[in-house]
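Look at the sequence and the model together.

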Amino acid sequence: MHLIDRIIEWDQYLAVKINRDWSLPALDFLFQHIRETYFWIPLYLFFVVFAALNFGRKGWWWVLAAVVTLSVTDQVSSNLIKHNIIRLRPCRDAAMIDHLRFFISYCPGSSSFTSSHACNHFGFAAFVYFTAGQFLKPWSRILFIFAALVSYGQVYVGVHYPIDIICGGLLGFGIGYGMSVIFNKNIGPLQ
């Protein structure tokens, strides 16, 4: 068996473990909501409003750079990678359907690799963390926990495999870090 086949086999095995074996009714409820936009928008708006109100013009530049970061992570994951690396989502894979629980009403038709949720959330978290001043930095760590929960939820509800999440998270972190370097060099971290 080739290394790639073993990785895919492990990936599918872990997806089933997370979705079926490591489940609880409370987690079913939490993860079907935490991955939705209405759940995480208030937290992101807090950071945007906080920066805009407390850092003046630099705060508004930061907000613009954060929006650009999210746009870049989304475009790279959703358009560049997903259009060139086609992988069925677990909820659309005939080999997986009988092994998974599905309790969300919508299974996206796009490629599973990479997870745009993971890419976007880890990209934003990295950007905030590396551009935040000393006051905001401890609070920005919450975004990494939140990104991990949203990402795990994508596997839990059966719309992604763990590899999709890991690669999406790493890609997003890299883009967020790169955008923070550009921001810090040209504008400076929030102080």
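**How helices H7 and H8 meet**

Phe144, Ser151, Gln154 and Val155 of H7 are in contact with Pro162, Ile165 and Phe173 of H8, where contact means heavy atoms within 4.5 Å. By class, the residues of this contact are five nonpolar, two polar and no charged. Here Ala, Val, Leu, Ile, Met, Phe, Trp, Tyr, Cys and Pro count as nonpolar, Asp, Glu, Lys and Arg as charged, and the others, Gly among them, as polar.

This is a predicted model, in which local features need pLDDT of at least 70 and side-chain atom pairs count only at pLDDT 80 or more, while totals for chains, interfaces and linings use all residues. Residues are numbered from 1 along each chain as its sequence is written, and side-chain values use heavy atoms, with hydrogens and water left out.

**Helix packing**

- Helices (H or I, at least four residues) are DSSP runs, numbered from the N terminus.
- H7 and H8 pack at an angle of about 150°, and their axes are 9 Å apart. Axes are lines fitted to C-alpha atoms, for helices over the stretch in contact, and angles run from 0 to 180 degrees between N-to-C directions.
- H7 and H8 are therefore roughly antiparallel. Angles over 145 degrees get that label, those under 35 count as roughly parallel, 65 to 115 as roughly perpendicular and the rest as oblique.
- Helix H2 (residues 25-34) packs against helix H7 (residues 137-156) at an angle of about 110°, with axes 8 Å apart. H2 and H7 are therefore roughly perpendicular to each other.
- On the H2 side, Leu27, Asp28, Phe31 and Ile34 make the contact; on the H7 side, Phe146, Leu149, Val150, Tyr152, Gly153 and Tyr156 do. Eight of the residues in the contact of H2 with H7 are nonpolar, one is polar and one is charged.
- Helix H4 (residues 56-81) and H8 have axes that come within 10 Å and cross at roughly 145°. The crossing of H4 and H8 is right-handed.
- Residues in the contact of H4 with H8 include Trp61, Trp62 and Val72 of H4 and Leu171, Ile175 and Phe183 of H8. This contact has eleven nonpolar residues, four polar and one charged.

**Aromatic pairs**

- The model has 17 aromatic pairs. Rings of Phe, Tyr and Trp (its six-membered ring) pair if their centres lie within 6.5 Å; planes under 30 degrees apart are stacked, over 60 edge-to-face and the rest tilted.
- The ring centres of Phe127 and Phe183 are 5.8 Å apart and the planes are at 75°, so this pair is edge-to-face. Phe127 belongs to helix H6 (residues 116-131) and Phe183 to helix H8 (residues 162-186), so the pair ties together parts 56 residues apart in sequence.
- Both Phe127 and Phe183 are buried (under 20% relative accessible area; exposed is over 50% and partly exposed in between, with a 1.4 Å probe and protein chains only).
- Phe130 and Tyr177 are also an edge-to-face pair, at 5.0 Å centre to centre and 80° between the planes. Phe130 in helix H6 and Tyr177 in helix H8 are 47 residues apart.
- Phe130 is partly exposed at 27% relative accessible area, and Tyr177 is partly exposed at 42%.
- Phe122, Tyr129, Phe130, Phe144, Phe173 and Tyr177 are linked into a cluster by ring pairs.

**A cis peptide bond**

- The Phe113 to Thr114 peptide bond is cis, with omega near -5°.
- Thr114 sits in the loop between helix H5 (94-97) and H6.

Notes
Helix = DSSP H or I, 4+ residues; strand = E, 2+ residues; numbered from the N terminus. Left-handed = near helix turned anticlockwise from the far one by under 90°.
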